[in-house]
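Please consult the sequence and the model while reading.

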Amino acid sequence: MNNDIKMGKYILAKSIEEALNALDKYGEKARVMAGSTDLLPLMRRTGRESEYLVDITAIGKLSYIKQDGEVIKIGALATHSDVNESPVVKKGAFVLAEACGMVGSPQIRNRGTLAGNIMNASPAADTAVALIALGAEAKITSKKGERIEKIESIFLGPGKTTLNSKELITELRFRALYPGEGSAFCKLAKRKGMAISIVNAAAFLSLDESRAVCRDARIAVGSVAPTPVRVKSAEDILTGQELGENMIEKASLAARDEVKPIDDIRGGAGYRREMTKVLISSAIRAATERAQRGNNHE
Ligand SMILES: Cc1cc2nc3c(=O)[nH]c(=O)nc-3n(C[C@H](O)[C@H](O)[C@H](O)COP(=O)(O)OP(=O)(O)OC[C@H]3O[C@@H](n4cnc5c(N)ncnc54)[C@H](O)[C@@H]3O)c2cc1C
């Protein structure tokens with residue numbers, strides 16, 4: 001462990017434009033700083049410095065959480081606490097409020113942002129599976145303009161994303177759930193707080209008018225592959241079927257067989273596979289109950 005952080009040149013961006021100018025000018029030499037809950041520990045651990053640190057936390061207008069028609073929009077500086085406490089998110093995307101409520105500790109949740117959680121690209125990132133289950137997209141901005149990318153396709157591997165060094169995530173967005181849709185997040189870790197997921201899982205289900213048959217499903221799981229992943233085998237089993245214990249068992253068994261975890265200090269591959277089944281069945285069950293109750297709330 002190296003406790004000396006070699007700080008690069010610090011740039012406090014007061015607007016998106018100032019941040020993009022700095023990223024455009026310094027490219028690979030620059031690094032975005034948001035809550036710094038991943039960045040500073042990384043710099044301390046590795047002693048690695050970036051020549052230019054572009055702090056975006058003074059861009060006040062990026063902290064919003066709002067609903068625009070059917071779409072919930074979350075600015076890049078919204079923290080886990082902001083999202084966990086947001087009435088808009090609790091009502092329209094409970095899975096994300098749940099996931100944000102299980103990140104780290106209150107201190108980490110008060111500083112850490114969802115965009116930072118995505119850009120850190122940990123296979124265990126808690127908000128990633130929730131956002132994938134919601135079918136969320138990121139608005140990615142650079143001097144060249146804007147592009148939209150699905151969260152599930154942003155991850156390339158641990159610490160690696162499709163964004164280049166001149167790009168900034170400015171917003172995360174997804175459709176709010178309708179009545180008859182439900183979502184849920186489950187996490188297994190060594191402790192209840194301050195612990196990285198051994199496995200995490202999120203489910204989104206859309207039921208038909210009878211509230212018995214699954215019309216659409218998105219299931220995501222983390223910490224079982226180099227990136228958070230969607231488990232299509234489980235989704236295919238549920239779609240078009242009446243939801244009951246039998247179907248939930250079949251879907252979670254298929255997920256167990258689809259994932260390819262590794263052994264590491266937090267858990268063995270076999271344990272992770274079995275826990276994938278347990279967590280996915282819990283998430284599907286909770287999402288089903290919420291959808292059948294007619295709202296997405298707890
Ligand atoms: C004690 C502790 C406990 C933790 N527990 C959890 C946990 O339970 N679950 C979990 O998922 N994570 C956990 N984390 C990890 C971390 O808190 C989250 O990943 C957090 O959301 C990161 O956000 P941040 O704003 O602090 O990112 P930063 O540290 O500021 O940045 C992280 C990375 O993202 C880049 N970045 C940040 N914002 C943007 C942007 N808008 N556009 C482009 N690039 C950007 C940075 O350049 C950097 O590479 C924990 C961390 C600590 C230290």
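How far from an oxygen atom of the ligand does a backbone N or O atom of glycine 104 lie? The separation is 2.9 Å for this backbone atom of glycine 104, and the coordinates come from a predicted model, in which local features need pLDDT of at least 70, side-chain atom pairs count only at pLDDT 80 or more, and totals for chains, interfaces and linings use all residues. Residues are numbered from 1 along each chain as its sequence is written, and side-chain values use heavy atoms, with hydrogens and water left out.

Taken alone, the ligand exposes 980 Å², of which the protein buries 90% (accessible areas by the Shrake-Rupley method with a 1.4 Å probe).

## The shell around the ligand

The ligand is surrounded by 31 residues, the closest being Val32, Thr37, Asp38, His80 and Thr113 (a residue is near if one of its heavy atoms lies within 4 Å). By class, the shell divides into 17 nonpolar, 10 polar and four charged residues, where Asp, Glu, Lys and Arg count as charged and Gly is among the polar ones.

Strand 2 (30-33), helix 7 (114-120) and strand 10 (168-175) each supply at least two residues of this shell, and helix 7 gives the most, with five. Helices (H or I, at least four residues) and strands (E, at least two) are DSSP runs numbered from the N terminus.

Four strands, in the order 11-12-13-14, form an open sheet with antiparallel pairing (two strands pair if DSSP finds at least two bridges between them). Strand 11 (181-188) and strand 14 (229-230) each have a single partner strand and stand at the edges, so one side of each lacks a neighbour in the sheet.

Strand 13 (residues 214-222) is joined to strand 14 by two bridges, and valine 221 has valine 229 of strand 14 as its bridge partner.

Notes: A polar contact is a pair of N or O atoms within 3.5 Å; within protein, one must be able to donate a hydrogen and the other to accept it, and residues adjacent in sequence count only if both atoms are side-chain atoms.
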